[in-house]
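Hi there,

Here is the structure I promised to pass on to you. Have a look at it first, and then read my notes below.

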Amino acid sequence: MSPDTAPDSFGAQPKTLTRAGDKDWTLYRVSNKYWRIEGAPDPAGGIHTLRITREPDAWVINLLDNTARHIIDPGPTFFARLPIISTLKSNGQPDPNKEFQDLEFGNEVRFFRLHKARDLGLRKVEEKDCNALAIKSGAREVTLLLDPDTSKPVEMDVTKDGKPDFSIRYLSYETDLPFDPSLFEPPQGLKITESK
């Protein structure tokens, strides 16, 4: 959700970002080696994105036309990152989001605990009281709302210069699922182009 996104656009359609799940937009993550993002089909845009990373390999796949780009991470480190806040910085300038560089999908709660987030008490998300934690650094503040019964993320709100930047609503958040290596293999029958 973002103030700059038209409510009826593809970008505004519900997506689920979880470590594992089976919704229209699903994110799987296993340690810092594997991730998979299954996008919802966008027939108007001619794309149905599937992104798979199995370090050092990564594939960006369009399921509508069965094409893919294969990229090999040159190293020397091989970490599959899924940052929540990622912006380009100008050369020679300090990173304005450095405090949040390790805030990634799948480690939200851990990140907030390690960074000694402020407890904001309870906030409502769709009529449910949630525990709210916040971290502010520079112009950006990130608030994580947790289900009080499970301590799993329900919503994350990001502001910049005191104005809403974007929000993420977690419709499902599952952990400790069995590892399925087939999730991190590209589908058969793709026309794959090698990229640098």
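**Aromatic rings and a sheet**

Tyrosine 170 counts as buried, at 5% relative accessibility (buried means under 20% relative accessible area, exposed over 50%, partly exposed in between, with a 1.4 Å probe and protein chains only). Please keep in mind that this is a predicted model, where local features need pLDDT of at least 70, side-chain atom pairs count only at pLDDT 80 or more, and totals for chains, interfaces and linings use all residues. Residues are numbered from 1 along each chain as its sequence is written, and side-chain values use heavy atoms, leaving out hydrogens and water.

Tyrosine 173 is buried too, with a relative accessible area of 8%.

How many aromatic pairs are there? The count is 6, where rings of Phe, Tyr and Trp (its six-membered ring) pair if their centres lie within 6.5 Å; planes under 30 degrees apart count as stacked, over 60 as edge-to-face and the rest as tilted. One of them joins tyrosine 34 and phenylalanine 184, tilted at 45 degrees between the planes and 5.0 Å centre to centre. Tyrosine 34 lies in strand β2 and phenylalanine 184 in the loop between β10 and β11, so this pair ties together parts 150 residues apart in sequence. Strands here are DSSP runs (E, at least two residues), numbered from the N terminus. Phenylalanine 184 is buried at 2% relative accessibility, and tyrosine 34 is buried at 18%. Ring pairs link Tyr34, Phe179 and Phe184 into a cluster.

Enjoy exploring!

Notes:
Helices (H or I, at least four residues) and strands (E, at least two) are DSSP runs, numbered from the N terminus.
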